[in-house]
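Hello,

Here is the structure I said I would pass on. Please open it next to this message; my notes follow below.

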Amino acid sequence: MTKIKNIKTRIPKRCICPSCGLKQKTKINKIYYKHVKDICLDEEILLNVRMVNVRCLNKACERRTFNLSVKGISKLSRSTDRLRSEAISSIVRDNSSLPR
């Protein structure tokens with residue numbers, strides 16, 4: 001059975017635009033939820049993570065909006081970094097036992 005956990009990320013008062021580098025007041029464009037798989041010893045966990053899309057206040061910036069990053073979740077990924085590293089290490093362990 002899959003367990004679902006809601007994760008509300010903290011919204012900072014100030015953020016830095018990744019394109020122009022302007023440190024600015026956080027101006028929320030939209031908030032949406034992203035489903036991400038995570039690892040657990042007993043059961044499969046599906047995280048419902050709140051993602052925040054922020055507007056850049058620099059008029060000259062080529063990038064109008066950007067997403068605030070969430071620790072442990074890479075851009076455009078559907079699984080946590082912890083789940084991916086565990087899956088890779090188990091594949092390496094399985095392959096190391098094969099005869100050469």
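Which residues form a nonpolar patch on the surface? They are Ile28, Ile31 and Tyr33, with about 270 Å² of accessible area together. Bear in mind that this is a predicted model.

Ile31 sits in strand 4, which covers residues 28-38. Its relative accessibility is 42%. Buried would need under 20% and exposed over 50%, so Ile31 counts as partly exposed.

Arg64 lies in the loop that runs between strand 5 (45-55) and strand 6 (65-67). With a relative accessibility of 46%, Arg64 also counts as partly exposed.

Now the overall fold. The protein has six strands and one helix. Along the sequence, the order is β-β-β-β-β-β-α. The radius of gyration is 18 Å, while the globule rule gives 13 Å for 100 residues. The computed value is well over the rule, so the protein is more spread out than a compact globule.

Two more values on the overall form. Taken along the principal axes, the C-alpha atoms fill a box of roughly 60 × 35 × 15 Å. Of the 100 residues, 26% count as buried.

Best wishes

How values were computed:
Residues numbered from 1 in each chain as written. Predicted model: local features only at pLDDT ≥ 70, side-chain atom pairs only at ≥ 80, totals over all residues. Heavy atoms only, no water. Helix = DSSP H or I, 4+ residues; strand = E, 2+ residues; numbered from the N terminus. Buried < 20%, exposed > 50% of the residue type's maximum accessible area, 1.4 Å probe, protein only. Rg over C-alpha atoms; globule rule 2.2 N^0.38 Å. Patch = residues over 30% accessible without salt bridge, like charges linked within 9 Å, V, L, I, M, F, W, Y side chains within 5 Å. Areas by Shrake-Rupley, 256 points an atom, 1.4 Å probe, with all protein chains shown as cover. Salt bridge = Lys/Arg side-chain N within 4 Å of Asp/Glu carboxyl O.
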